[in-house]
Amino acid sequence: MENENTRYTRFQREKLKIKPLSERDNLLDLSVMADPDRFAKIEDSRYRDLADRLWAAKEKGTSSLLLMGAHLIRAGMSPLVIRMMEEGLFTHIGFNGACAIHDFEFALIGETTESVPRYIQTGEFGLWEETGRLNDIVRNGSGLGLGFGECIGKYILEKNLENAKYSILAAGYRLGIPVTVHIGLGYDIIHEHPNCDGAALGKASMDDFLILAESVSNLESGVFLNYGTAVMGPEVYLKALSMARNVALQENREIKHFTTAVFDLADLGEVSDTEPEKSEAKYYFRPLKTILIRTVKDGGEGFYFRGDHKYTFPQLYSASLGRG
C-alpha cells in the first residue's frame, strides 16, 4: 500500500508465497527431549551452590528468573525447565522471539528448525503457514490484554495441541508462572508474514517487559539466570532492574543482595568482579559486564558456567532436585 506521506517504498508482503509446514524438512524432532527422570552426576560443586540458592529463594518467596535463548529448547531441555517450574524453582521465564517459535512448533507438529543455508537460497526461509499463525494468536490475545507469552501459552493449552506437554509457554499458563517474550521487530521469521501486525506484537511484548520488571522488583535475595542469550537477556534485565531499583529506593527498599549466573560458550578466561578493559574483546560481551559485574557489585554475586546446554542444564537440574 502506497503512503503519500513518505518518500520510501515498502516491501509488499502480499506478494510472498507461504508454504505449509508439511513441505518443510525439519532438523529436530521430539527425540531430542531430555528425560526429566534421569539425573546427571554433578561435576562442579558450584551447581549445588546455585541450586541451594534457588531453593532458598523459593522458601523466602523471592524471584528466581531464567532468561533464555532458543538453543536451550533446541537442545531438548524443555522437560527439565518445566519440571523445575513445577517445583517452584523458577518463578519467571523470559524468552526471545525464537524461543516462542520453537516452543510453538514443537507443541504443534513435534518438530522444529529448518535449514537456513538451504531455505535462504530459495527465498523460503521462515515463510511457513502454520508458524505465521502466531501473529494472529498474539494479535487476538493482546486485544484482550494478554502479554505475548500468555497469548501463546493459553492457545496451546486451550487448543490441546498434540505435544503441549513439551511447551514451556503452556506450562507457564497452566502453573500461573509468567513466560514473557521479548522481541525485536525484524528479528523473527513471523515478522516476514503478511499477517504480522507490528503494533500488536510490540504492545504484547511491551506488556511482557512490564511483567518482567515486576518480577525483578522481587529479586532481593533471589536468583537471576541468563542462559545462552547474549543480547536480549542482559539488556531487558538491565532496564528492568533500573526501573525496579528506582521504585524500591522511593520505598526505602534494596535490590542488591541476589545471585546471578550466566551460561554460555564464550571463553572469558578468568572471570572476576573487575570490568575488563575496553581494549579486551570480552568487555563487549554484555552478559559479563552487565550480569556478572555491574549489577551485583554492591552486594550480589555472579557465577559463569561455560559449556554446551546439553551438559550444563542437566547439571543444574540434577543439583536442584538433589539426586546428582
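How do the residues of the lining of the largest pocket divide into nonpolar, polar and charged? They divide into eight nonpolar, nine polar and six charged, where Ala, Val, Leu, Ile, Met, Phe, Trp, Tyr, Cys and Pro count as nonpolar, Asp, Glu, Lys and Arg as charged, and the others, Gly among them, as polar.

Colleagues, this is a predicted model, in which local features need pLDDT of at least 70 and side-chain atom pairs count only at pLDDT 80 or more, while totals for chains, interfaces and linings use all residues. Residues are numbered from 1 along each chain as its sequence is written, and side-chain values use heavy atoms, with hydrogens and water left out.

I begin with the pocket. Its volume is about 460 Å³. A pocket here is an open set of points on a 1 Å grid over the protein atoms alone, where a 1.4 Å probe fits, with protein on both sides within 12 Å along at least five of seven lines; lining residues have an atom within 4 Å of a point. The largest pocket is lined by 23 residues, and Ala70, Arg74, Ala98, His102 and Phe125 lie nearest its centre. H4 gives the largest share of this lining, four residues.

H4 (residues 97-109) also meets H6 (residues 129-142): their axes come within 10 Å and cross at roughly 115°. H4 is therefore roughly perpendicular to H6, a term for angles of 65 to 115 degrees. The contact (heavy atoms within 4.5 Å) involves Ala100, Ile101, Phe104, Glu105 and Leu108 of H4, and Glu130, Thr131, Arg133, Leu134 and Ile137 of H6. Six of these residues are nonpolar, one is polar and three are charged.

Technical notes
Axes are lines fitted to C-alpha atoms, for helices over the stretch in contact, and angles run from 0 to 180 degrees between N-to-C directions. Helices (H or I, at least four residues) and strands (E, at least two) are DSSP runs, numbered from the N terminus. Angles under 35 degrees count as roughly parallel, over 145 as roughly antiparallel, 65 to 115 as roughly perpendicular and the rest as oblique. Grid points are joined across faces, edges and corners, and a volume is the space filled by probe spheres set on the points.
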